[in-house]
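Biologist: Can you put the model up and walk me through it? I'd like to start with the ring pairs.

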Amino acid sequence: MRAFKFNTRISEDGTIHLPFTPSLFNREVELIVVPKFEKKSIKKAGRAFVEKWAGFLKSNDTDSSKFDYLSEKYK
């Protein structure tokens, strides 16, 4: 069975307008209505992430630490 997804708006009088889809004409269908919610701004989410994790790694020289770790591991 093929599924269709349409983004539309319910009018003030409760009417739902669907795109012209002849394959659905004269057929019984099941309609599920899922309200859309506002998406969080990516900028706000990014800013919150940076504020939470800023300064987590204080050391600027992480490359030498990685090198030392790998050198010890693969002796």
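Modeller: First the term: rings of Phe, Tyr and Trp (its six-membered ring) pair if their centres lie within 6.5 Å, and planes under 30 degrees apart count as stacked, over 60 as edge-to-face and the rest as tilted. This is a predicted model, in which local features need pLDDT of at least 70, side-chain atom pairs count only at pLDDT 80 or more, and totals for chains, interfaces and linings use all residues. Residues are numbered from 1 along each chain as its sequence is written, and side-chain values use heavy atoms, with hydrogens and water left out.

Biologist: Fine. How many aromatic pairs does the structure hold?

Modeller: Two aromatic pairs. Phe4 and Phe6 make a stacked pair, because their ring centres are 6.1 Å apart and their planes lie at 10°. The pair of Phe20 and Phe25 is edge-to-face, with 5.3 Å centre to centre and 80° between the planes.

Biologist: What is Thr21 in contact with, leaving aside neighbours within four places in sequence?

Modeller: Phe4 and Phe6. Contact here means heavy atoms within 4.5 Å. Thr21 counts as buried because its relative accessibility is 11%.

Biologist: How much of the protein counts as buried?

Modeller: 1% of its 75 residues. The protein exposes about 8,500 Å², and carbon and sulfur atoms supply 57% of that. Those areas come from the Shrake-Rupley method with a 1.4 Å probe; for residues, only the protein chains shown count as cover.

Biologist: Switching to secondary structure. How many helices and strands?

Modeller: Two helices and zero strands. Both terms are DSSP runs, numbered from the N terminus: helices are H or I of at least four residues, strands E of at least two. Helix H1 spans 42-53, and Pro35 lies in the segment before it.

Biologist: What about the backbone of Asn26?

Modeller: Asn26 has a positive phi of about 60°, although it is not a glycine. At 84% relative accessibility, Asn26 is exposed.

Biologist: Last topic, the largest pocket. Which residues lie nearest its centre?

Modeller: Phe4, Lys5, Phe6, Leu31 and Ile32, out of 27 lining residues. A pocket, on a 1 Å grid over the protein atoms alone, is an open set of points where a 1.4 Å probe fits, with protein on both sides within 12 Å along at least five of seven lines; lining residues have an atom within 4 Å of a point.

Biologist: What is the volume of the largest pocket?

Modeller: About 1,100 Å³.

Terms used. Points joined across faces, edges and corners; volume = space filled by probe spheres on them. Buried < 20%, exposed > 50% of the residue type's maximum accessible area, 1.4 Å probe, protein only.
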